[in-house]
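Subject: Structure handover

Hello,

Please find the structure below. My notes on it come after.

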Amino acid sequence: MKRRLPWWLGGILMALLLLFTFSIFGANRPLGASTYVPYYAGILFGMDPEEYPYLQHVQKAGAWEGVMLLGSLVGGFFTAVFVTKTFRISVLPTGWKTYKNNSVASRLIWSFISGFLLIVGARLAGGCTSGHFLSGMSQTAFSSMIFGGVVLVSLVVTGKFFYNEGESK
Amino acid sequence: MSFSEYISSVVARTSEMFEIVQSQEHGSLVMVFIIGIFFGGIIQYARVDKFEKIAGFAMLKDTIVPKMLFLAIGITSIVLYFEIKMGWASYHVKPLMLSGLIIGGIIFGVAMAIMGKCPGTGPISIAEGRIDVLVGAIGGLFGGYVFTKFYDPFFKPLMGESYGKGTLESVGGDFSSIFVLLFGIVLIVIAIKIPKMELFDEADLEKLDDADRPDTDAAQNREEFKVIK
């Protein structure tokens, strides 16, 4: 049994999942994965939707994605344990060790900061890799193409300046 | 609010989440959960939730993410067009709020390169045991808190005016089907033409037999790859 999906099969399966989710036989909506974060934050920080209109605004999409996310945790866990055999507890990614540094504290602080920024950025733009790239560009939406272009440039520029070549090790 | 009041509020609002999904016309609770299982399973199986795949793409050392992403978008855009024409689906386009898209896109790209995850792949990484991503998710929850709290006074004005929900289909007129078809084909060609490069993490492969290891295949096919330890 193959322990990895080749990129083309992964792409085809993801396309089928998107098409199913869009269709009236599935969920009749696009697939997204960043609206659930403010929705969960509202629950966990005990924020009252009466006081914060944004919570009312994202309520339906947030709840849908919140349940979808729970499914993806289950799907990811079982695939990691039984298929790809990649489940393990780890703190420092190998790539971080090779191309950044060996410090757990550095990784965790940057994780927290980048996690924070990731959600603020996604919510400002109104979507993320799933909602804009996958679902939005598939509808040939101009908003998603602009987001996609900006993210690609920003991602690669950051990659160039934030990491080092890792040859010194 | 006391601790027990807090817990009961979280429980009540979580069960409200299930009720909202159940009462919407967007698939039953079980259906939405199963869509999630496949979403998590496909991403995990293709390993595109790995730090080395996303940060590796940012460093231009791994191209699996853009290849898979562009292929998925290319195929979906063509088939979805016909799906919608058949009346089996409809458009759900996000508004073009220029400054929100640009400022948000820049911040998102920076964060994605550093974290090596996006909001969809992050939780899947947590499910496979990545503690650093869990810390990132806590950061994300604070991000969601701050965004919600200051949405009206700060973030909403920052996002700017909406320039509508334009798509190639909506501006294409009589040629919309050709535009969409070309768009899809161009993306599929890009996905195939991007040179395949992979950055493998030894820790991710060490439980596999030699025959199952993707780097064994890559070496046989003389592809460009690197294994880091």
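The notes below go from the chains to their interface, and then to some details of chain B.

This is a predicted model, in which local features need pLDDT of at least 70 and side-chain atom pairs count only at pLDDT 80 or more, while totals for chains, interfaces and linings use all residues. Residues are numbered from 1 along each chain as its sequence is written, and chains are lettered from A and ligands numbered from 1 in the order in which they are written.

The two chains

Chain A has 7 helices and 0 strands; helices (H or I, at least four residues) and strands (E, at least two) are DSSP runs, numbered from the N terminus. The C-alpha trace of chain A spans about 50 × 45 × 35 Å along its principal axes. Of the 169 residues in chain A, 62% are buried. A residue is buried if 20 or more other C-beta atoms lie within 10 Å of its own, exposed if 12 or fewer, and partly exposed in between, with C-beta atoms placed from the backbone.

Chain B has 12 helices and 2 strands, in the order α-α-α-α-α-α-α-α-α-α-β-α-α-β along the sequence. Its C-alpha atoms fill a box of roughly 60 × 60 × 35 Å, taken along the principal axes. Buried residues are 50% of the 229 residues in chain B. The domain assignment of chain B gives domain 1 (94-165) and domain 2 (199-229); such bounds come from an automatic or database domain assignment. The centres of these two domains, taken over C-alpha atoms, are 33 Å apart.

Where the chains touch

In all, 121 residues of chain A are in contact with 128 residues of chain B. Two residues are in contact if their C-beta atoms, placed from the backbone, lie within 7 Å. On the chain A side, the largest share, 22 residues, comes from α3(A). That side divides into 73 nonpolar, 40 polar and 8 charged residues. Here Ala, Val, Leu, Ile, Met, Phe, Trp, Tyr, Cys and Pro count as nonpolar, Asp, Glu, Lys and Arg as charged, and the others, Gly among them, as polar.

One residue to look at is G140(B), in helix α7 (residues 131-149) of chain B. G140(B) counts as buried because it has 32 C-beta neighbours inside 10 Å. Leaving aside neighbours within four places in sequence, G140(B) is in contact with V37(A), G115(A), F116(A), L118(A) and I119(A).

Helix α10 of chain B

Helix α10 (residues 176-193) of chain B has 18 residues and should span 26 Å at 1.5 Å a residue; its end C-alpha atoms are 25 Å apart, which agrees. The expected span is 1.5 Å times one less than the number of residues. In α10(B), the residues V180(B), F183(B), G184(B), L187(B), I188(B) and A191(B) are buried. Seen down the helix axis, the buried residues of α10(B) fall within an arc of 125°, so they line one face of the helix; the arc is that of the directions from the axis to the C-beta atoms. These buried residues pack against α1 of chain A, together with α4 (64-85) and α9 (168-172) of chain B. The face turned away from the buried side of α10(B) carries the exposed residues I178(B) and K193(B).

The strands of chain B

Strand β1 (residues 197-201) of chain B has 4 of its 5 residues buried, so β1(B) is largely enclosed by the rest of the structure. β1(B) runs parallel to strand β2 (residues 224-228) of chain B, and 5 bridges join them. Two strands pair if DSSP finds at least two bridges between them. The bridge partner of F200(B) in β2(B) is V227(B).

Regards
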